[in-house]
Amino acid sequence: MLGNHFFAMLSRMKYINRWGLMRNTRNENISEHSLDTAVLAHALAVLRNTRFGGSVSPERAACLAIFHDATEILTGDMPTPVKYYNPKIKEAYKEVEQVAGNRLLDMLPEDLRPLYASLLVPGTTDEDILPLVKAADKISAIIKCMEECRAGNLEFSSARDALLESLYEMHLPEAECFVREFLPSYGLTLDEQTKF
């Protein structure tokens, strides 16, 4: 037994920076990224239910998004070009994530493990929601790229374009709707956003 360190470990998400291979004008950690992804996953689920005839739980989508990068507390943030370089690396990293997830679960009392296991290692009951979380993860990254580009850091422009392309390849109408209706606002100044 590792003790009841689960929540203290989760609080360390704020120390794991993303985008390690790129120059950032402002660092982004996985804690803030997870919150952004949770808000976006919730929104995508609401859009699916409201506009596209779905019946998924926005709350479940948000919870899955909160925990989607939790294993990176132990593994660190693996840069995307490395993580997806080839199938062997991708598969090996999935195994590392599984081990890290189990290690985190071992930090909980046994009676709480089943609930958190379903968040750290989602099962087949979440098949309808997981694509929304993945899309929300991409949208969060696109927003980060937009912020960096707006700050004059063009190093993120190729990543933005590639992420947008991969988002459209998911063929999720709620994600495309979000990009059309809500994403442009992220490129505005505060004064432009609050002007009525």
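Predicted model: local features only at pLDDT ≥ 70, side-chain atom pairs only at ≥ 80, totals over all residues.
I will start with the core. The largest nonpolar core has 50 residues. Inside that core, the residues with the most contacts are F6, L44, F67 and I139. Eight helices each supply at least two core residues: α1 (6-10), α2 (30-51), α3, α6 (87-105), α7, α8 (130-150), α9 (157-168) and α10 (173-181). Of these, α8 gives the largest share, 11 residues.

The structure holds 6 aromatic pairs. One of them joins F67 and Y116, with 5.9 Å from centre to centre and 70 degrees between the planes. Stacked or edge-to-face? The pair of F67 and Y116 is edge-to-face, because planes over 60 degrees apart are put in that class. F67 sits in helix α3 (residues 58-67) and Y116 in helix α7 (residues 113-120), so the pair ties together parts that are 49 residues apart in sequence. Both F67 and Y116 are buried. Ring pairs also extend the picture to a cluster made of F6, F7, F67 and Y116.

The axes of α3 and α7 come within 8 Å, and they cross at roughly 85 degrees. The two helices are therefore roughly perpendicular to each other. On the α3 side the contact is made by R60, C63, L64 and F67, and on the α7 side by Y116, S118, L119 and L120. Sorted by class, this contact of α3 with α7 has 6 nonpolar, 1 polar and 1 charged residues.

A70 touches L10, M13, L104 and L120, leaving out residues up to four places away in sequence. A70 itself is placed in the loop between α3 and α4 (72-75). How buried is A70? Its relative accessible area is 0%, so A70 counts as buried. As for distance, A70 and D111 are 41 residues apart in sequence, and their C-alpha atoms are 20 Å apart in space.

In α2 the residues involved are L40, A43, L44, L47, R48 and R51, and they meet E174, A175, C177, F178 and E181 in α10. The residues of this contact divide into 7 nonpolar, no polar and 4 charged.

Not counting residues up to four places away in sequence, L44 touches L132, A135, A136, I139, E174, A175 and F178.

Last, two backbone items. W19 has phi near 60 degrees, a positive value in a residue other than glycine. W19 lies in the loop between α1 and α2. H171 also has a positive phi, near 55 degrees, and is likewise not glycine. H171 lies in the loop between α9 and α10. Which of them is buried? W19 counts as buried at 14% relative accessibility, whereas H171 counts as exposed at 62%.

Methods
Residues numbered from 1 in each chain as written. Heavy atoms only, no water. Phe/Tyr/Trp six-rings, centres within 6.5 Å; stacked < 30°, edge-to-face > 60°. Helix = DSSP H or I, 4+ residues; strand = E, 2+ residues; numbered from the N terminus. Buried < 20%, exposed > 50% of the residue type's maximum accessible area, 1.4 Å probe, protein only. Core = buried A, V, L, I, M, F, W, Y, C linked by side-chain atoms within 4.5 Å. Contact = heavy atoms within 4.5 Å. Nonpolar A, V, L, I, M, F, W, Y, C, P; charged D, E, K, R; others polar. Axes fitted to C-alpha atoms, helices over the stretch in contact; angles between N-to-C directions. Parallel < 35°, antiparallel > 145°, perpendicular 65-115°, else oblique.
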